[in-house]
Each structure stands twice: as C-alpha cells, then as structure tokens.
Amino acid sequence: MNFQLTEEQLAVQQAAREFAQTELLPGVIERDETQTFPLEQVKKMGELGFLGMMVDPKYNGGGMDTISYVLAMEEISKIDASASVCMSVNNSLVCWGIEKYGTEEQKEKYLKPLATGEKIGAFCLSEPEAGSDATSQRTTAEDNGDYYLLNGTKNWITNGNTASIYLVIAQTDREKGHKGINCLIVERGMDGFVVGKKENKLGIRGSDTHSLMFTDVKVPKENRIGEDGFGFKFAMSTLNGGRIGIASQALGIASGAYELALAYSKERKAFGKPISQHQAIQFKLADMATEIDAARLLCLKAAYLKDQKKDFGKAGAMAKLFASKVAMDTTVEAVQIHGGYGYVKEYHVERLMRDAKITQIYEGTSEIQKIVISRELLK
Ligand code: CAA
Ligand code: FAD
C-alpha cells in the first residue's frame, strides 16, 4: 500500500488550494449573506478544468483520477462549499453519468460543453413528496413514440437556475416500479420547463437551489440515457460516485474549520498563555485532526476503488456517512475554540458550521447511507 500522492495529484491539490485562496475567499462572507451564486468564480473553475476533472480528454475533460478529484474538492470546500457543491454535481453526477451511460451523440452534444464548464449541469431526482424514498416519485415521462411528455415537479435542485443541462429522473410505467423509470436529458429553454423559487437556506447559501416545474415538456427519445427503464439504476449508480464528491466536500469543510481553529488557538491568549497551551483545547485539536485524517482515508479509499474499477458503492457511502459527521463535530468545536468570535461572520467558522449540516442530508441522508452500507454487508 502506498500513501504517497503522485506529482500530478500534488499539483492538482496545490492549484485548487491557490484558486480557493485567491478567487473564492474574497467575498465568500458576502455571498453567503446575500445568497449570491459564485458565477464568475465557477466560470474560472471551468477554465481551470475543475468542472470536468475526470472526463476523458476526447470530450474536453481533464482525464484525471478520482483521487485528484477528492483532493481538489477538499481544497475548494475548505473555503466555499457553495462553489464545491456546484463542482461536485457537475463532475460526479452529470458528467460522469453521461460519460458512463450516454450515447456517443449525447457525449458530443452535452458532455463536451459540461466538461469545460461552458454549460453547467443539474441532477434532478428529489421531489416535494419523494426524497429518500426515490422510487415513489410522481414526475411522469409518458412515452409518445419519438418523444417523452414530461410532467411534474422536482425539488431542491442544486444549480437549478445556473444549469442549462438537466438530468431528470421520471416515471414512464408505474406498474413496473423502479424498472419503469427513465432518465432524460432536458435542456433549459424547452417549452413547458420553468425554474421555480430559490430556497432560502441555513447553509451553502451561495448555492443555487431551486424547484423545477415541467408541464408537457416534449423531450426527444434520443435524450433518454440507457435502455428503457434504466433510469432508477442510472440514478443509484451515479449517486454512488456522487457520494464520494459530497464526502470530500464534508472533509474540506471539516479541515477548513480545523485549520482556522488551530491558527486561532495559537494567537488567542487566556490566563496568560495562548489557549493552545490549555490541555482542554489541545485535546479538542487532537480529536479533530484524528477524525479528519480518518475521513480523508475513507474518501481516498473510495476514490481508489473507483479508479481501480472495483465496487465502490459501500466505500463511498461509508466515506459520506463518516465525513459528514466529522464535518458537523469539527465545525461545532471550531466555533467553541473561537469563543464569542466564532459566533460572528468574520471568522468563517460559523458559516462552515452551517454549511456542514447539508452533507448529512443531500445525496442520501446519513440514515440512507446506513441502509446502503448494511444492505451490502448483509448481501
Ligand atoms: N447502486 C447501484 N444500484 C442500486 C443501488 C446502488 N447504491 N441501490 C439500489 N440499487 C438498485 C437495486 O439493485 C435494485 O435493482 P434490481 O431490482 O435490479 O436489483 C434497484 O436499484 C432498486 O433498489 P431497492 O429495491 O433497494 O430500492 P429502494 O426503493 O429500497 O431504495 C435506496 C433504495 C438506497 C433507499 C434509494 O432509494 C436511495 O438511495 N435513496 C436516497 C436518494 C438520494 O440519495 N437522493 C439524492 C438526490 S441527488 C442530490 O441530493 C444531489 C445534491 O444534493 C447535490
Ligand atoms: P425524507 O426522505 O422525507 O426524510 C426525512 C427523514 O426521515 C430523514 O432524517 C431521513 O433520513 C429519514 N428517513 C427516511 N426514510 C428512512 C428510512 N427508510 N429509514 C430511516 N430513516 C429514514 N436532490 C436532487 O435530486 N438533486 C439535487 O441537486 C439536490 N440538491 C439538494 C440541495 C439542498 C440544499 C437540499 C436541502 C437538498 C437537495 N436535494 C437534491 C434533495 C436531497 O437529496 C433530499 O433532501 C434528501 O435525499 C432527503 O430527502 P427528503 O428531504 O425528502 O427527506
């Protein structure tokens, strides 16, 4: 076993770190307060290759491995989790899904502009009445010969208003259960497709979360991904990889908060010495660092298995389950170490604490990750 990162992986990590410091850090507090999507910054992320990192270069991607993706996600998430969720959805749900299961025509038409960030993608599974229980969705894709007629509402869609390419999971034949579901590529601007209201959220407030409404949207048959009835399997398979992205986001939120707490503990004095000299603070830092390391190892293990083309569903779910808890625990302690200063915006840790919570909810709640893991264990 080799824990040494390659030169290339280290270079990606460094590039992401520099980008986050120079481009994302300025304005991150204001964007959170005003719920502003980091549009210019995401554009630059595309130019630097962060939005299609693992896509084959023949489709304009970076051709990088999943380990590099984890490293970049961690660095971006340390500073701005609203930018990193956009990055995660575009890379590991939308690009990966089309590259793995799409037709050559779909890759030419949709993957190429997604991989460069010229266009942004969204992944649309959840509905007002169907989140964890994803097969109970109500959106329908009626088979009308050479097109599907799409009707329904999707909820909580990340990149909802910024995207122009949407992967929409919908029911074609309810009687067939999950085998009657399809995934359709829907373009912004198709008649009958309306972007609904933006959600006012606890955290990742710069991220662009919207509901989407579809009323008699005609989607050409050639926009279906995979065989008829493959949509649910497509969603589950894609989410296996997406969870590595969100686990890495959680890891970044945790390590960002830890780094801030470590630095602050050396500066802040109480009872005549830096608070880092009090054992209670030292033990908090020791716990944080240990848990973050364990979370990172789980993320890298899942990424390694994916790169080796081995089963990575359980490993990705474990990484997300664990890293998201570490993100919550670490950010709460980082606020504690900052005392009163931790409770105000300027010191960043309160934002990281609010951002951390979503990693236990989206791409499958922690309870759902336990279902995924235990089913694999008991198989
Ligand atoms: N990988 C591959 N295939 C899977 C799978 C996985 N992880 N989980 C299930 N499947 C397959 C099963 O093998 C089965 O196929 P077969 O019948 O051919 O064997 C089929 O899918 C149906 O499986 P189940 O009977 O297990 O389905 P279920 O109704 O019991 O639900 C579940 C399983 C794991 C709970 C699933 O519904 C689930 O993952 N729910 C959470 C949904 C979710 O993660 N949503 C995230 C939305 S995207 C998002 O959130 C993005 C963002 O925020 C940024
Ligand atoms: P529910 O499924 O109603 O769950 C409520 C509670 O019950 C949870 O604690 C859950 O864990 C628990 N629960 C449910 N079933 C079980 C069970 N069988 N056993 C034990 N406990 C259970 N979705 C998308 O499709 N695309 C996106 O881009 C996207 N982005 C999002 C961005 C944000 C900011 C948010 C908040 C959500 C986003 N989602 C997205 C939706 C997200 O994936 C769902 O919110 C999530 O899957 C949970 O679904 P739910 O909210 O309906 O909760």
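**View 1. The division of the protein chain into domains.** The protein chain is divided into domain 1 (7-120), domain 2 (122-231) and domain 3 (239-378), with bounds that come from an automatic or database domain assignment. This is a predicted model, in which local features need pLDDT of at least 70 and side-chain atom pairs count only at pLDDT 80 or more, while totals for chains, interfaces and linings use all residues. Residues are numbered from 1 along each chain as its sequence is written, and chains are lettered from A and ligands numbered from 1 in the order in which they are written.

**View 2. The contact of domain 1 with domain 2.** The C-alpha centres of these two domains lie 22 Å apart, and their contact takes 22 residues from domain 1 and 19 residues from domain 2, where two residues are in contact if their C-beta atoms, placed from the backbone, lie within 7 Å. On the side of domain 1 that touches domain 2, helix H2 (28-34), helix H5 (81-101) and helix H6 (104-116) each supply at least two residues; helices (H or I, at least four residues) and strands (E, at least two) are DSSP runs, numbered from the N terminus. The largest share of this side, nine residues, comes from H5. By class, this side of domain 1 holds twelve nonpolar, six polar and four charged residues, where Ala, Val, Leu, Ile, Met, Phe, Trp, Tyr, Cys and Pro count as nonpolar, Asp, Glu, Lys and Arg as charged, and the others, Gly among them, as polar.

**View 3. The shell around ligand 1.** Ligand 1 is surrounded by 23 residues, of which the closest are Ala 134, Thr 158, Met 236, Tyr 362 and Gly 364; a residue is near a molecule if its C-beta atom, placed from the backbone, lies within 6 Å of it. Because domain 2 (122-231) and domain 3 (239-378) both give residues to this shell, ligand 1 lies between them. H5, helix H7 (231-267) and helix H11 (366-378) each supply at least two residues of the shell, and its largest share, six residues, comes from H7. The shell has twelve nonpolar, nine polar and two charged residues.

View 4. H9 is mostly covered, with 20 of its 26 residues buried, a residue being buried if 20 or more other C-beta atoms, placed from the backbone, lie within 10 Å of its own. Just after H9, Gly 339 takes a positive phi of about 60°.

Notes
Buried ≥ 20, exposed ≤ 12 C-beta atoms within 10 Å, placed from the backbone.
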